[in-house]
Amino acid sequence: MTTVDPRITDLRQRIDALDEQLVAVLAERVAVVREVSRYKTDEASVKAPDRVEQVVAKVRALADGHGLPADLVERLYRLLIAELTAVELACVEERVAGRP
Ligand SMILES: C=C(O[C@@H]1C=C(C(=O)O)C=C[C@H]1O)C(=O)O
């Protein structure tokens, strides 16, 4: 078996702890987005492109403040929002289809 530098092992433990926090925060964000979808009725309101741009501008500024590449954070958020928009759309369609 290959030995791993103990400094790497320690840093990986920190990464694992941060991943736990990241996934917990992500789960909370997904739950709030699902809740928002309860008050939407159509595709345009689900996609909310103006709001998407507002969120992207905000996280780009936050990334700058933390010394992170804003383009990287924007790409991650656009992917996240696209996935969440699909989840929202499914929730809204299911609700609207279930109406009498
Ligand atoms: C959560 C919303 O719906 C969608 C998801 C967004 C997000 O994940 O931040 C933003 C806009 C919408 O595409 C919203 O309208 O606020």
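A residue counts as near a molecule or strand if its C-beta atom, placed from the backbone, lies within 6 Å of it. By that rule, the residues around the ligand are V33, V36, K47, A48, R51, V52, V55, I81, L84, T85 and E88. The elements that give two or more residues to this shell are α1 (6–37), α3 (49–65) and α4 (70–97). The largest share, 4 residues, comes from α4. By class, the shell has 7 nonpolar, 1 polar and 3 charged residues. Here Ala, Val, Leu, Ile, Met, Phe, Trp, Tyr, Cys and Pro count as nonpolar, Asp, Glu, Lys and Arg as charged, and the others, Gly among them, as polar.

This is a predicted model: local features need pLDDT of at least 70, side-chain atom pairs count only at pLDDT 80 or more, and totals for chains, interfaces and linings use all residues. Residues are numbered from 1 along each chain as its sequence is written. The predictor's confidence in each residue is its pLDDT, from 0 to 100. The protein chain averages 95, and 100% of the residues score at least 70. Among the elements of the chain, α2 has the lowest mean pLDDT (93) and α3 the highest (98). The model scores ipTM 0.98 and pTM 0.92.

Now the overall build. The protein chain has 4 helices and 0 strands. From the N terminus on, the elements run α-α-α-α. Helices (H or I, at least four residues) and strands (E, at least two) are DSSP runs, numbered from the N terminus. The C-alpha atoms fill a box of roughly 65 × 30 × 20 Å along the principal axes. The radius of gyration is 18 Å, whereas a compact globule of 100 residues would have one near 13 Å. That radius is taken over C-alpha atoms, and the globule rule is 2.2 Å times the number of residues to the power 0.38.

Buried residues make up 3% of the 100 residues in the protein chain. A residue is buried if 20 or more other C-beta atoms lie within 10 Å of its own, exposed if 12 or fewer, and partly exposed in between; C-beta atoms are placed from the backbone.

UniProt, in an unreviewed entry, lists residues 2–92 as "domain: Chorismate mutase". Its positions are given in the numbering used here, feature names are shortened, and annotations may be inferred rather than shown by experiment. Over residues 2–92 the chain is 85% helix and 0% strand, with the end C-alpha atoms 51 Å apart.

Next comes α3. This helix has 17 residues and reaches 24 Å from its first C-alpha to its last, close to the 24 Å expected at 1.5 Å a residue. The expected span is 1.5 Å times one less than the number of residues. Of its 17 residues, 0 are buried, so α3 lies largely in the open. D64 is found in this helix. With 12 C-beta neighbours inside 10 Å, D64 counts as exposed. D64 and E43 are 21 residues apart along the chain, and their C-alpha atoms are separated by 32 Å.

Look at both sides of α3. A48 lies in the loop between α2 (43–47) and α3. Its phi is near 35°, a positive value in a residue other than glycine. A48 has 16 C-beta neighbours inside 10 Å, so it counts as partly exposed. A48 is also one of the residues around the ligand. G67 follows α3, and its phi is positive, near 70°.

Last, A70 is found in helix α4. A70 is partly exposed, with 17 other C-beta atoms within 10 Å. A70 and V56 are 14 residues apart in sequence and 9.5 Å apart in space, C-alpha to C-alpha.
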